[in-house]
Amino acid sequence: MGRTLAEKVWEQHVVRRAEGEPDLLYIDLHLIHEVTSPQAFDGLRMAGRSVRRPELTIATEDHNVPTVRGPIDDPVSRVQVETLRKNCAEFGVRLHPMGDAGQGVVHIIGPQFGLTQPGMTIVCGDSHTSTHGAFGGIAFGIGTSEVEHVLATQTLPAYRPKTMAIEVSGELPFGVTAKDLILAIIAKIGTGGGQGHIIEYRGEAIRKLSMEGRMTVCNMSIEAGARAGMIAPDETTFEYLKGRPHAPSGADWDAAVEYWKSLVTDEDAVFDTVVEIDASTLTPFVTWGTNPGQGAPLGTSVPNPEDTPDPAAARRALEYMGLAAGTPLRDVEVDTVFVGSCTNGRLEDLRAAAEVLRGRKVVTRTLIVPGSMLVKLQAEQEGLDEVFKAAGAEWREAGCSMCLGMNPDTLAPGERSASTSNRNFEGRQGKGGRTHLVSPQVAAATAVTGKLTAPADL
Ligand SMILES: CC(C)[C@H](C(=O)O)[C@@H](O)C(=O)O
Ligand code: SF4
């Protein structure tokens, strides 16, 4: 019987298999940030161990960094960043600290350097590691004790998840983005829909996405409960990788591409679960609730909790969000707009936001935060920063920023945002803050009107 892409990549990395035990997987790339690594390094130190393959380990500072650069005031954040620096120096791990041209959100810098490649196993102590699956590898988040295991051995014990195909037929209509697609998928299958599975996104609409769009989709796999998300590599993938600092070159490149081309699900492979979606029926999508599955097309209204799969959860969510059932989503007023994060903080996202903001003015507090310092540089080379500043938006330095309240960029209690990030949990962007997840295009249009808006409404 044929094999799925996930099965091929998994099997390629099994270094030990025994009945009734998890497989021991070889890990090709280990990404590290300041929040989930300190105890892992402590563990190594206590055991007198070293990092087994420091050259396959790369660290960055992202969650705790202020996006208006300066000292870190919060003591917990400061200690985490200082500890990462000490640990990387002691264990010989490459680090991109604040102030470094390579610094950025961990899931933005891996692909940007060409470190993330098809067929790899990639882990990080961070749930959105699923982003890297966009290149056709298996990439997933791990806990801090697993971080220690990978640091010490470059392997990880893991049970092989089930496989799920999400078949996206048709084409996304004009103005409908990868973000709208993944929000619609999660609304359809639910935040537990992918549980225990690696999702492979397939079909015409997926093939037509850019690498950046594919990363946006895979990024949010975890919000559907999945272990990982992946997309088979193709010419779009190879084109993106070619010439990047860590991509193979010369004869190695040709050999790599030949191997990467074999990384597709066989015709006769069978998935454990199959979900079908027609992209041509989609429109801009926004969330109204407090989990990423509580979303609806922007053209509709806040739902009646009784009409949702979990009425009690929906009632609680509406209360927290300060929304009444039946309110048109386009009437929801927003105080703050955030464009950034590992979901939508790449160059293409900033271009899309700039296109909407060019020659217009924002009426909300608007933060535009590049996902990495390289994205920032590229955006400035294209003059996007000037577009944002002329519109009245704030142009910041790279970091996780308002995606989560671990740095100075937060919502005040009761404040409402349209945010291109991936989680709208209670308090995610600051205590009492209310988050609507949107695409960069909708975020920018919302900044112009102060209400949830699509560019086509302007
Ligand atoms: C802080 C980190 C562990 C966390 C994660 O695992 O995803 C964060 O990145 C998030 O997005 O919630
Ligand atoms: S940008 Fe947000 S989702 Fe991504 S790693 Fe940072 S906090 Fe997590």
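## The end of helix α13

Helix α13 is followed by G359, whose phi is positive, near 75 degrees; helices here are DSSP runs of H or I of at least four residues and strands are E runs of at least two, numbered from the N terminus. This is a predicted model, in which local features need pLDDT of at least 70 and side-chain atom pairs count only at pLDDT 80 or more, while totals for chains, interfaces and linings use all residues. Residues are numbered from 1 along each chain as its sequence is written, and chains are lettered from A and ligands numbered from 1 in the order in which they are written.

Helix α13 covers residues 347-357, and because 8 of its 11 residues are buried, it is largely enclosed by the rest of the structure. A residue is called buried if 20 or more other C-beta atoms, placed from the backbone, lie within 10 Å of its own, exposed if 12 or fewer do, and partly exposed in between. The buried positions of α13 are L347, D349, L350, A352, A353, A354, V356 and L357.

## Packing of α13 against α16

Helix α16 (residues 440-449) packs on α13 at an angle of about 30 degrees, with the two axes 8 Å apart; the axes are lines fitted to C-alpha atoms over the stretch in contact, and angles run from 0 to 180 degrees between N-to-C directions. The two helices are therefore roughly parallel to each other, a label used for angles under 35 degrees, with over 145 counted as roughly antiparallel, 65 to 115 as roughly perpendicular and the rest as oblique.

On the α13 side the contact is made by D349, A352, A353, V356 and L357, and on the α16 side by P440, Q441, A443, A444 and A445, where contact requires C-beta atoms, placed from the backbone, within 7 Å. These residues divide into 8 nonpolar, 1 polar and 1 charged, with Ala, Val, Leu, Ile, Met, Phe, Trp, Tyr, Cys and Pro taken as nonpolar, Asp, Glu, Lys and Arg as charged, and the others, Gly among them, as polar.

## Surroundings of α16

Helix α16 is mostly covered, with 9 of its 10 residues buried. Its buried residues pack against β13 (285-287), β15 (336-339), α12 (341-344), α13, β16 (365-368) and β18 (416-419). Just after α16, G450 takes a positive phi of about 80 degrees.

## Y201 in strand β10

Y201 lies in strand β10, residues 197-202, and counts as buried because it has 28 C-beta neighbours inside 10 Å. Leaving aside residues up to four places away in sequence, Y201 touches I166, V168, I206, V217, G229 and I231.

Technical notes. Two residues are in contact if their C-beta atoms, placed from the backbone, lie within 7 Å.
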